[in-house]
Amino acid sequence: MAITAPSPMTTTAVDDEKPLVDFRNVAMKFPNGTVALSGVDITVDRGEFVTVVGPSGCGKSTLLRIASGLEQASEGTATVTTDRIGYVFQDATLLAWRDVQRNVELLAELNRRPKAERREKAKAAIDLVGLTGFEKNLPKQLSGGMKMRASLARSLTLDPELFLFDEPFGALDEITRERLNDELIQLFVREGFAGMFITHSVSEAVYLSTRVVVMSGRPGKIVRAFDIPFPMPRDPDIRFTAEFAELVGDVSHALREGHQG
Amino acid sequence: MTATEMSPFIGSAITEEQQEQQEQLAAAIGVADMPVSRKAITTQGQRISRGVRAALPPIAVFLVVLAAWYGVNAVLGARNFLVPRPDQVITEAIVGRTGQGLQILQSLLLTAEVAVIGLAIASVLGILWAVLMSQFRWFQRSTYPYAVILQCIPILALVPLIGVWFGYELNARIIVCVMIALFPMVANTLFGLQSVEKSQRELFQLQRASRFTVLTKLQFPAALPSIFVGLRTSAGLAVVGAIVGDFFFQRGTPGIGSLMQTYTRLLSYPQLFAAIIGASLLGVLMFFIFGLIGKVAVGKWYDPAN
Ligand SMILES: Nc1ncnc2c1ncn2[C@@H]1O[C@H](COP(=O)(O)OP(=O)(O)OP(=O)(O)O)[C@@H](O)[C@H]1O
Ligand SMILES: [Mg+2]
């Protein structure tokens, strides 16, 4: 399957030659001897949204952590050509004592941006994720979905070129999750970041991505990649098409084979 | 609240059971720790009636104890001076002979002063110690065992030494107080500083935040709820420490502890009872006040469910 996804970022296609993420033969062996990844090749270009699926414990989070710089690959080369990286964790990681506004300002604050700029950026980001009016709310006064939105907004203030997501919607109910999927796609189209996304839901993977990468069980290797041909932004109704169902089936098959092998 | 409830304080921090006990106590004395999520969906009226309902059982117990007290006094017959009746305690010790109620109050105030100073010193020292331990692993490795040991040393064994070194006056009382109140501050602060989630730490790490920034913007605020639990516990212990200090270091104005000894010697049992009740109320008051301060400081954002 070699259909290239239509890029939403036609304007930046000029500096397309160098991928944002370029992993060559990356392996990860932890000091305690656990081998989490072996021989992983993966690239993420501008305009791509790549989702990684794989059995639990195969090293998906490790992959993202290497891309973000939180972890150093023990073998191979892991090149990331931007330092504007957004990282969204599985839990929203909001600071309980800060309201939404001040949580969203946090990253700019840590980067010593002037106060006025911080405030403005946070306001814009809060707008983008639809949390306007909740600026003064404390995390404990937010639903799970709203917390995740605040977490997204916080990373958006960095104007990320690369956005890393580690199972961000795993704890949400189906409806909230689908709504956030659509909002994420809107952001992806509008803000023009490249995405690397991890999920256990195959249909979420197919719906969100321009490419789905399937990993095998530990030590994680990439067993297959599927280009997803649907145009961006996605029409929610594609979920009910035969083509979508077929892709979901193919990915699930690959996942199961990787699990056994 | 007594020393027995608070003393088993070895280990990293307050256990859930202790927390629960304290919360029950807090509820009993009127600072009901209602989960805010529930609070949000109850109306003012419901809250009041809930408060009344929460207050009723302790009031009932109080009345039972009062009745039992009178009962014991009656049963003792000729030896009933050993357990003077509550009304005797009030009439003889507090409003009776001139100046006696005042003397008890003055001693109580002095003891309270020692307890507050001791608590303040224990808090500053304890927080500093815990912050240093959280920042330097070697410091934790080399000094934390001594924090635990400090908790295990019977303070009474050190009393002679403290007297020899620091004299038998106020300073010595304060030192005893600090030694007794220190450990919960250290343990709870350290626990709080180290309880920050890994992902939150990494959020800061990704922005290359300095250690100091992580401490001031993440670890310390996250530790505040534990610090206040420590403060509340230490507040109770500080009163115990101050009274213990009164017993042994009696030079200068007498504290409530030495006053109790005097009353015991003079067989002034109504006065002794009044002093004991006063000291107990002081402990409860300290616990209540510092519990309230904690609630005001972090109650707005702290969500115990998480
Ligand atoms: N710091 C570490 N030291 C040792 N082993 C680790 C470390 N971090 C992760 N591992 C191990 O590496 C393997 C891969 O972990 P990772 O978190 O990347 O898996 P995952 O694919 O994200 O799993 P899940 O789907 O459950 O989130 C696991 O077996 C894990 O126990
Ligand atoms: Mg993971």
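Let's start with a contact, which here means heavy atoms within 4.5 Å. With that in hand, look at chain B: of its contacts with a separation of 6 or more, 74% are between residues 24 or more positions apart. Before going on, know that this is a predicted model, where local features need pLDDT of at least 70, side-chain atom pairs count only at pLDDT 80 or more, and totals for chains, interfaces and linings use all residues. As for bookkeeping, residues are numbered from 1 along each chain as its sequence is written, chains are lettered from A and ligands numbered from 1 in the order in which they are written, and side-chain values use heavy atoms, with hydrogens and water left out.

So what is chain B built from? Chain B has 13 helices and zero strands (helices are DSSP runs of H or I with at least four residues, strands are runs of E with at least two, and both are numbered from the N terminus). Buried residues make up 43% of the 306 residues in this chain; buried means under 20% relative accessible area, exposed means over 50%, and partly exposed is in between, using a 1.4 Å probe and protein chains only.

Now pick out two of those helices. H5 (residues 86-94) and H13 (residues 269-298) of chain B pack at an angle of about 100 degrees, and their axes are 8 Å apart. That makes H5(B) roughly perpendicular to H13(B). The axes are lines fitted to C-alpha atoms, for helices over the stretch in contact, and angles run from 0 to 180 degrees between N-to-C directions; under 35 counts as roughly parallel, over 145 as roughly antiparallel, 65 to 115 as roughly perpendicular, and the rest as oblique. Among the residues that meet here are B:Val89 and B:Ile94 from H5(B), and B:Pro270 and B:Phe273 from H13(B).

Next, charges. Over all chains, the structure holds 16 salt bridges, each being a side-chain nitrogen of Lys or Arg within 4 Å of a carboxyl oxygen of Asp or Glu. One of them joins A:Arg211 and A:Glu48, at 3.0 Å from N to O. This pair links distant parts of the chain, 163 residues apart: A:Arg211 sits in strand E8, A:Glu48 in the loop between strands E2 and E3 of chain A. Both residues are buried.

Compare that with A:Arg149 and A:Glu183, whose closest N and O atoms are 2.9 Å apart in their salt bridge. They are 34 residues apart, in helices H4 and H5 of chain A. A:Arg149 is buried, at 10% relative accessible area, while A:Glu183 is partly exposed, at 29%.

Over in chain B, B:Lys198 and B:Glu202 form a salt bridge of 3.8 Å. They are separated by about one helical turn, because they are four residues apart in helix H10. B:Lys198 is exposed, at 57%, but B:Glu202 is buried, at 8%.

Finally, which buried residue has no salt bridge? A:Glu167 is the one to look at: its nearest side chain of opposite charge, A:Lys60, is 5.1 Å away (Lys and Arg count as positive, Asp and Glu as negative, and His and the chain ends are not counted). A:Glu167 lies in the loop between strand E6 and helix H5 of chain A. Its side chain does make a polar contact with that of A:His200, at 3.4 Å; a polar contact is a pair of N or O atoms within 3.5 Å, where within protein one must be able to donate a hydrogen and the other to accept it, and residues adjacent in sequence count only if both atoms are side-chain atoms.
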